[in-house]
Every structure is written in structure tokens, then in C-alpha cells.
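The model shown below is predicted.

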Amino acid sequence: MGKTSDLTAVQKTIIDTLHKEGKTQKVIAKEAGCSQSSVSKHINRQAKGRKKCGRKKCTSSRDNRTLQRIVTTNPFKNVGEIHKEWTAAGVSASRTTTRRLMKDMGFRCRIPCVKPLLNKKQRKKRLAWAKDKKDWTDAEWSKVMFSDESKICISFGNQGPRVWRKSGEAQNPRCMRSSVKFPPSVMVWGAMSSAGVGPLCFLRSRVNAAVYQEVLEHFMLPAADQLYGDADFTFQQDLAPAHSAKTTSTWFKDHGIPVLDWPANSPDLNPIENLWGIVKRRMQYARPNNAEELKTTIRATWALITPEQCHRLIESMPRRITAVIEAKGAPTKY
């Protein structure tokens with residue numbers, strides 16, 4: 001007689017049927033033509049509602065609720081701090097148990113999303129801007145050249161504290177950390193349109209109005225010739241002091257270049273921010289030894305950006321605007 005794994009479908013059906021009728025395993029084995037041990041193993045495998053084997057849980061439902069409340073109240077604590085606070089509440093559990101229960105509750109340790117700080121006035125202006133631009137077509141957005149500066153570091157390991165959150169909580173305000181605009185650093189300037197990217201400019205000093213106008217003269221104008229040729233375009237820039245200076249506004253008027261009005265603290269509306277993200281992710285495993293090697297790596301990575309990628313980012317503008325309207329001017333996931 002064969003083992004349990006050797007039972008045929010017919011034999012298994014006979015065993016199940018006779019077992020439901022209350023027949024003994026000896027009778028079932030005789031009718032099915034197999035050993036009694038095979039019948040016993042098959043019945044046990046099919047049994048439902050058996051008690052789980054293993055060690056009894058060391059925490060109660062109340063203890064688990066306490067742990068969930070601790071994590072939810074301050075999601076930026078590490079496992080050690082959470083475990084210490086939990087055990088201080090009278091729970092006897094190991095650090096491994098703490099981590100396992102947090103995982104069972106759906107919490108994962110992630111790098112928190114960063115959102116700009118917006119006051120009520122800025123949110124109101126963002127909402128008004130979004131409503132004004134909600135009917136713009138892809139063709140109209142393709143005529144906009146987006147620009148921005150970005151900080152790119154030699155080391156990518158220092159990403160700040162992590163946060164405990166569940167799936168779908170990436171944009172939950174309690175799981176996000178606020179960013180401060182313009183941290184002291186060396187910046188790189190770039191521009192893009194639906195046709196591709198323009199040349200990069202590495203900024204060696206603090207950007208004032210005079211430095212920015214040099215960037216426009218020697219990098220933005222060549223980028224416009226490269227991306228638009230003789231066609232008309234609108235230039236986009238944020239409201240940094242050097243960008244909004246009177247002399248900069250005069251420079252644009254003298255060159256006959258229209259500038260897109262732009263709400264303050266709105267990197268989520270600018271598709272070039274996503275482009276910088278692509279560049280940094282591609283450079284994640286690069287380890288330049290000095291500033292010159294870093295610049296070489298950035299240029300090589302920037303050159304790999306395709307017009308198709310840029311076009312897809314520009315096509316996202318209507319969705320970004322809709323998201324701002326739905327959020328009533330608050331920061332969005334973009």
C-alpha cells in the first residue's frame with residue numbers, strides 16, 4: 001500500500017465521503033484500498049479549525065494596542081526607543097518581538113517624504129494658480145521651459161531619520177518631515193522642456209541676481225535655441241530672490257522672453273524636480289572621490305535623459321494641477 005502522497009484522486013474522494021458518514025479509519029482503509037495510516041494522515045490534513053501549535057503569545061490584545069498607539073503617536077522613534085517605552089508600560093517582550101509585532105501591524109521603516117512648509121496665504125495662491133491653469137493643454141505646456149537648481153552631494157547615504165508607517169500613509173502629515181528651502185550648498189542649474197534637456201550650469205558661488213543673469217545669458221539662451229529653435233516659448237522659474245529681482249525682470253523684458261507666473265514653495269508642480277530625482281537615483285551607486293569627478297558623473301547621467309522621459313513629465317502637468325485643486329492648495333505627492 002502506498003504513502004499518503006501516493007493516494008489517487010478517487011481514493012481521496014472515497015476517504016472523504018466515508019469519513020463524513022462516520023466510518024472508522026479501518027473500514028475506510030479497506031474500502032479505499034490503502035493503509036490505515038494513509039487514511040489518518042489524509043483526514044488530519046483536511047481537518048479544519050485545529051488549534052495552532054507552537055508557543056503561546058507573550059502579549060495580549062491590550063498590549064498590542066498599546067504598542068500601536070506608541071508607534072502612531074511618534075512614528076519617528078527607532079525600534080529601541082519604541083521597545084523601551086512599551087516595556088515601561090508593563091509589557092514583558094523582547095526587542096525582536098516588538099519589531100515582529102510592528103511588522104504584523106503593517107508598519108514598515110521608510111524614509112519620510114519631504115514637503116515644503118506652506119502658510120494659508122501660499123496655499124490660497126497655489127489654489128488660485130491651479131484653477132487658472134486647469135484648462136491648459138499639453139500643447140501649451142510643451143511651450144514652457146522649466147528650470148531649477150538642485151543640490152547634488154558626493155555621498156547619498158545621509159538621508160535623515162526614518163519613519164514607521166503603514167501602506168498608503170506616505171502622504172499622511174504625521175509621517176512626513178518639513179523641508180527648508182535653500183540649504184547652504186553648491187547647486188547645479190538645469191532646464192528642460194517636452195523636447196529634452198538643456199546644458200547644465202554648475203554654480204560656484206552664492207546665486208545673486210548678477211550671477212543668475214549670467215546663467216540665463218550663457219546657459220538658458222543656448223538651451224532655448226537647442227529645444228525650441230526659432231519658436232516662441234515661456235520660461236518657468238521659482239520665486240527665489242535672484243529670480244524675482246528687478247534687474248532679472250528687466251533682463252527678461254530686454255530679451256523679449258515671457259516668464260510664467262509661479263506660486264511660492266511649489267516644487268511639486270515643477271516636473272524638473274522629478275528629473276533631478278531620476279538623476280540622483282541613477283547616481284545612487286556612483287562614488288566620485290572629488291567635486292570634479294562628481295560633475296563628470298552628473299553630466300554623464302544628465303546626458304542619458306531622453307526626450308521621451310521629458311515629454312511624459314510635461315504631460316503630467318494637468319494631473320499635478322488637478323491634485324493641487326483637490327488638496328485645496330496643500331502639497332501633493334508629486
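## Annotated domain

UniProt, in an unreviewed entry, places the feature "domain: Transposase Tc1-like" at residues 65–133. In this predicted model, the span is 62% helix and 9% strand, and its end C-alpha atoms lie 46 Å apart.

## Contact of α4 with α6

Helix α4 (residues 61–73) and helix α6 (residues 95–104) have axes that come within 11 Å and cross at roughly 80°. Angles of 65 to 115 degrees count as roughly perpendicular, so α4 is roughly perpendicular to α6.

On the α4 side, the contact is made by Asn64, Leu67 and Val71; α6 contributes Thr98, Leu101 and Met102. Of these contact residues, four are nonpolar, two are polar and none is charged.

## Strand β6: burial

Strand β6 (residues 187–193) is largely enclosed by the rest of the structure, because seven of its seven residues are buried. In a regular strand, side chains alternate between the two faces of the sheet. Both faces of β6 are covered: one side carries Met187, Trp189, Ala191 and Ser193, the other Val188, Gly190 and Met192, all buried.

## Strand β6: partners

Strand β3 (residues 144–151) runs antiparallel to β6 and is joined to it by six bridges. Within this pairing, serine 147 is opposite alanine 191 of β6.

Two bridges also join β6 to the antiparallel strand β8 (residues 201–202), where phenylalanine 202 is the bridge partner of valine 188. Strand β7 (residues 196–197) is likewise antiparallel to β6, with two bridges, and its glycine 196 pairs with serine 193. A hairpin is formed by β6 and β7, with two residues between them.

Key: Residues numbered from 1 in each chain as written. Predicted model: local features only at pLDDT ≥ 70, side-chain atom pairs only at ≥ 80, totals over all residues. Heavy atoms only, no water. UniProt positions renumbered as here; feature names shortened; annotations may be inferred. Helix = DSSP H or I, 4+ residues; strand = E, 2+ residues; numbered from the N terminus. Axes fitted to C-alpha atoms, helices over the stretch in contact; angles between N-to-C directions. Parallel < 35°, antiparallel > 145°, perpendicular 65-115°, else oblique. Contact = heavy atoms within 4.5 Å. Nonpolar A, V, L, I, M, F, W, Y, C, P; charged D, E, K, R; others polar. Buried < 20%, exposed > 50% of the residue type's maximum accessible area, 1.4 Å probe, protein only. Pairing = 2+ DSSP bridges.
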